[in-house]
Amino acid sequence: MDKKAYYKKGKLTKDEIKDLFRQYAETKDPIIREILIEEHLYIAEILAKKYINRGIDYDDIFQVASIGLIYAIDRYDLSKGYEFSSFATPTIIGEIKKYFRDKGWTIRVPRRIQELSKKINNAKVELAQEIQATPTIEEIAKYLGCTTEEVLEAMEASKVYSPQSLDMGYDSGNEDKEINLADLIGEDEEYYEKIENNDFLQKAMQVLTDVEKEILIERYFNKSTQVSIAKKLGISQMTVSRIEKKLLEKMKKELERID
C-alpha cells in the first residue's frame with residue numbers, strides 16, 4: 001500500500017499529521033505535501049469566506065488562500081513548537097490581503113485604458129468646475145484630445161474597477177439609522193475563532209499536571225461542580241478549588257506569553 005492510500009484510510013490523528021510534517025521536512029515528498037494540503041484545506045476555506053462580497057469572486061479568493069496554505073506548509077517548522085493552524089492563518093491572510101491590494105481591477109484591463117479612465121475622472125471634475133455642468137462625452141473627448149469611442153471604451157471598462165470605502169454609508173430603510181458597507185460584506189465564520197482557541201488550549205494544557213487537566217475538562221467542558229469532581233477524585237472540595245485557581249493562573253500566564 002502506497003503512502004497516500006495508507007493515509008487516506010480515514011481521518012488522520014494529530015500525531016500522524018505531525019509525523020507527516022517531519023517526513024516532509026526531510027524528504028519534500030510531493031505525495032506527503034498533497035496529503036497535508038488536503039488535511040488543512042479547511043483553514044483556507046474558512047479564511048477565504050471572511051473576504052467574500054468585496055468585489056472579487058469567492059473562487060478566486062479561495063484559490064489565493066489555498067496558495068497561502070501551500071506556502072505555509074512549505075515553510076512550517078514543527079520544531080518551533082507552534083500549531084500549524086496558528087502558523088498558517090497569518091500566512092494565508094497575508095496572501096489574501098496582498099491579492100486585494102494588487103487586484104484593483106477585478107478584470108485584467110489594458111494599461112492604456114486604465115490610464116485613460118483616470119484621465120477621464122479628472123477631466124469630469126475639471127470640466128464640471130469650468131462649465132458648471134456635467135460634461136458630455138464629446139466635451140471630455142475634446143478636452144483629452146481623443147475620440148468619443150475611446151472615452152466610451154474606457155468608461156465601460158472602468159465598471160470593473162471596484163474599490164469602495166468600507167465606511168461608505170447606505171440607507172438602511174430606517175430614518176434614524178445608516179449602515180456602512182463594512183456591515184454588509186463578508187460573513188462571520190464560527191470555526192475561525194475556534195481554530196485559535198483550540199490551538200491555545202492545546203499549548204496551555206501542556207503546562208498542566210494530569211489532575212489539573214482533568215479538573216479543567218470536568219469544570220469547563222463537562223460543566224461539573226467542584227463537589228462532584230472532589231468525590232470523583234477522592235479529594236476535598238477545597239482542594240479542587242485551590243487546584244482550579246492554580247491552573248487558571250497557569251493558563252493566564254501562558255496566554256500572556258503567547259500574546
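Reply: Start with the contacts of His40. Leaving aside neighbours within four places in sequence, His40 touches Ile17, Phe21, Leu69 and Phe84. Bear in mind that this is a predicted model. His40 sits in helix 3, which covers residues 30-49.

Is His40 buried or exposed? His40 is buried, because its relative accessible area is 7% and buried means under 20%.

Now turn to Leu12. This residue is in the loop that joins helix 1 (3-7) and helix 2 (14-27). Leu12 has a relative accessible area of 6%, so it is buried. How far apart are Leu12 and Ile35 in sequence and in space? They are separated by 23 residues in sequence. From C-alpha to C-alpha, the distance between Leu12 and Ile35 is 9.9 Å.

Next, move to the surface. Ile217, Tyr220, Phe221 and Leu248 make up a nonpolar patch there. Together, these four residues have about 350 Å² of accessible area. One of them, Leu248, belongs to helix 12, residues 237-258. Why does Leu248 count as partly exposed? Its relative accessibility is 36%. The buried class ends under 20% and the exposed class starts over 50%, so a value in between is partly exposed.

Two loop residues come next. Take Lys223. Lys223 lies in the loop between helix 10 (210-220) and helix 11 (226-233). Its phi is near 60°, a positive value, and the residue is not a glycine. Lys223 is exposed, because its relative accessible area is 65% and the exposed class is over 50%.

Then take Gln132. Where is Gln132 placed? The loop between helix 6 (111-131) and helix 7 (137-144) holds Gln132. Gln132 has a positive phi too, about 55°, although it is not a glycine. With a relative accessible area of 68%, Gln132 is exposed.

Leu248 is partly exposed at 36%. Lys223 is exposed at 65%, and Gln132 is exposed at 68%.

Terms used
Residues numbered from 1 in each chain as written. Predicted model: local features only at pLDDT ≥ 70, side-chain atom pairs only at ≥ 80, totals over all residues. Heavy atoms only, no water. Patch = residues over 30% accessible without salt bridge, like charges linked within 9 Å, V, L, I, M, F, W, Y side chains within 5 Å. Areas by Shrake-Rupley, 256 points an atom, 1.4 Å probe, with all protein chains shown as cover. Salt bridge = Lys/Arg side-chain N within 4 Å of Asp/Glu carboxyl O. Helix = DSSP H or I, 4+ residues; strand = E, 2+ residues; numbered from the N terminus. Buried < 20%, exposed > 50% of the residue type's maximum accessible area, 1.4 Å probe, protein only. Contact = heavy atoms within 4.5 Å.
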